[in-house]
Number of protein chains: 2
Amino acid sequence: MEIQGLPGRLLADLGPAIASGEIPVGTVLRAEELEARYAVSRTVVREAVRILESMRMVESRRRVGSTVLPRSDWDVFDPLVIRWRLAGADRGAQLRSLGSLRVAVEPAAAALAARAASDDDRRELSALAVELTVTARAADLRTFLRHDIAFHSAVLRASGNEMFAHLGDTVGAVLTGRTEHDLMPHQPADYAVRLHREVADAICAGDAESAERAMRTIVLGALEELDATLD
Amino acid sequence: MEIQGLPGRLLADLGPAIASGEIPVGTVLRAEELEARYAVSRTVVREAVRILESMRMVESRRRVGSTVLPRSDWDVFDPLVIRWRLAGADRGAQLRSLGSLRVAVEPAAAALAARAASDDDRRELSALAVELTVTARAADLRTFLRHDIAFHSAVLRASGNEMFAHLGDTVGAVLTGRTEHDLMPHQPADYAVRLHREVADAICAGDAESAERAMRTIVLGALEELDATLD
DNA sequence: GAAACTTAATCGTCATACTTTTGCTGCCCG
DNA sequence: CGGGCAGCAAAAGTATGACGATTAAGTTTC
């Protein structure tokens, strides 16, 4: 997942700084300056900046430097960008955007999964739903989070659509983010757990409509909770 | 949009080659070899490979080289990856994935837009709907395509959700792709045009439900047409 | 036959020199 | 006094040689 090496360290510093606004939009970064600041060679700086450029967070021009682009240009689907934004100042905006995306995508994925899931997928979903129920009762928030992520990822994967499947990590980031930043009830709500179970059962039974409805209830609930907490 | 310079040229060659399978998954690319093949320096090769790495299309390891990762690892939301795939062998799979994504996202975006669109947005949507009607009648496929893209992008943007907004380019790529590769009726269907108009009107009127329904009909129709054509 | 050691291949990083582009300054002419 | 044009210089872009670090694979030894 992580980009490694020295360029990775540069990125891990610059990315969050830009995402949080600590380095504001419009700032011009000069290569030489970065070399000095991080005590690395030109090669390393260039590679890091190139990656930021491929995320459309900066734009390099000769004789000028690398300019931080407006947020609207950033590749908001890039996993790294999402993580950086979640860690910084516009965590709220990022969580809201992701919340809406989930409302759109996850119910659709659940419906597809009810039709397309393999037997293995169905078995896995059942198992995860059970795990979820157990850990919720034990109020073990960390493992509950892990299973919650696993569950949603599994549904997305079982949909058979590669783009949905890839949102698994993204959803994971959201769930982790809101747990880590105390935007979640400390005890998973009973009805939410029941709904997860309902999704799993519906998918196993091939009942697309129920799966979609239950999943929509889950993500809508999450979005409402989020909106309530953020105000 | 494009990444520029020599690394850009390398990328424009390697990316499509990998996406099309011409360079199969598992292939190991050595830096020296690439230097020779493209007659560029290590600096350039390294930057290009780094970008491929950030898209998770390859993974570099010391003493080994850069291995082409399985397709399931690729960052399928990266605009470049999408373009490359659309141009190559798995155009079909890519179009199907994107089709499902559209079905999930665009109706939701239309509903949001009906609530959140600014006056400017509404005016623009109306205008675009009119343009669409006119160019459809004239059967001018290229300008029709342009307006179609503009319309869908405008709806996504008007939703007020940055992630939806960013899918505008992606949807544009889909529409362009299917037009360029003759996966579309040569005359835009009348009812489709009428539906676009309906979406615009509903959004202007603040009628979220109608907007969502009309948009869903549009994208579901597109998906069905696609499925029919691909078989 | 397995474990430890050696080797060599290749990436990763650095330092430096050269090339190319381009914003800016200031001159010249209208 | 103002506008265009030329030359300058600053910064990114590219090339290259050297060295370090890592690790797969082969080799030796017990």
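Modeller: First a term: two strands pair if DSSP finds at least two bridges between them. Helices (H or I, at least four residues) and strands (E, at least two) are DSSP runs, numbered from the N terminus. This is a predicted model, where local features need pLDDT of at least 70 and side-chain atom pairs count only at pLDDT 80 or more, while totals for chains, interfaces and linings use all residues. Residues are numbered from 1 along each chain as its sequence is written, with chains lettered from A and ligands numbered from 1 in the order in which they are written.

Colleague: OK. How many helices and strands are in chain A?

Modeller: Chain A has 10 helices and three strands. Their order from the N terminus is α-β-α-α-β-β-α-α-α-α-α-α-α.

Colleague: And what box do the C-alpha atoms of chain A fill?

Modeller: Roughly 65 × 35 × 30 Å, along the principal axes.

Colleague: Back to the strands. Which way do E2(A) and E3(A) run, parallel or antiparallel?

Modeller: Antiparallel, over four bridges, with E2(A) covering residues 58–61. Val58(A) has Val68(A) of E3(A) as its bridge partner. The hairpin of E2(A) and E3(A) has three residues between the strands. Arg63(A) takes a positive phi near 70° there.

Colleague: Where does strand E1 of chain A go?

Modeller: E1(A), residues 28–29, is joined to E3(A), residues 65–68, by two bridges, and the two strands are antiparallel. Val28(A) is opposite Thr67(A).

Colleague: Is Arg63(B) buried or exposed?

Modeller: Exposed, because Arg63(B) has 4 C-beta neighbours inside 10 Å. The cut-offs: buried is 20 or more other C-beta atoms within 10 Å of a residue's own, exposed is 12 or fewer, partly exposed is in between, and C-beta atoms are placed from the backbone.

Colleague: What about phi at Arg56(B)?

Modeller: Also positive, about 60°, and not a glycine. Arg56(B) sits in the loop between helix H3 (42–54) and strand E2 (58–61) of chain B. With 19 C-beta neighbours inside 10 Å, Arg56(B) counts as partly exposed.

Colleague: What share of chain A is buried?

Modeller: 44% of its 231 residues. As for contacts in chain A with a separation of 6 or more, 67% are between residues 24 or more positions apart. Contact means C-beta atoms, placed from the backbone, within 7 Å.

Colleague: Helix packing next. At what angle do H5(A) and H9(A) cross?

Modeller: Roughly 35°, with the axes coming within 7 Å. Axes are lines fitted to C-alpha atoms, for helices over the stretch in contact, and angles run from 0 to 180 degrees between N-to-C directions. H9(A) spans residues 190–205. H5(A) brings Ala110(A), Ala113(A) and Ala114(A), and H9(A) brings Val199(A), Ala202(A) and Ile203(A).

Colleague: Which classes do the residues of that contact of H5(A) with H9(A) fall into?

Modeller: Six nonpolar, no polar and no charged. Here Ala, Val, Leu, Ile, Met, Phe, Trp, Tyr, Cys and Pro count as nonpolar, Asp, Glu, Lys and Arg as charged, and the others, Gly among them, as polar.

Colleague: Now the two chains. How many residues does each give to the contact?

Modeller: 24 from chain A and 24 from chain B. On the chain A side, the elements with two or more residues are H3, H5 (91–116) and H8 (162–180). H5(A) has the largest share, nine residues. That side has 13 nonpolar, six polar and five charged residues.

Colleague: What rotation superposes chain A on chain B?

Modeller: 180°, with 0.0 Å of shift along the axis and an RMSD of 0.1 Å. That is the relation of a two-fold axis.

Note on methods. Two residues are in contact if their C-beta atoms, placed from the backbone, lie within 7 Å. Copies are superposed by least squares on the C-alpha atoms of residues with pLDDT of at least 70 in both.
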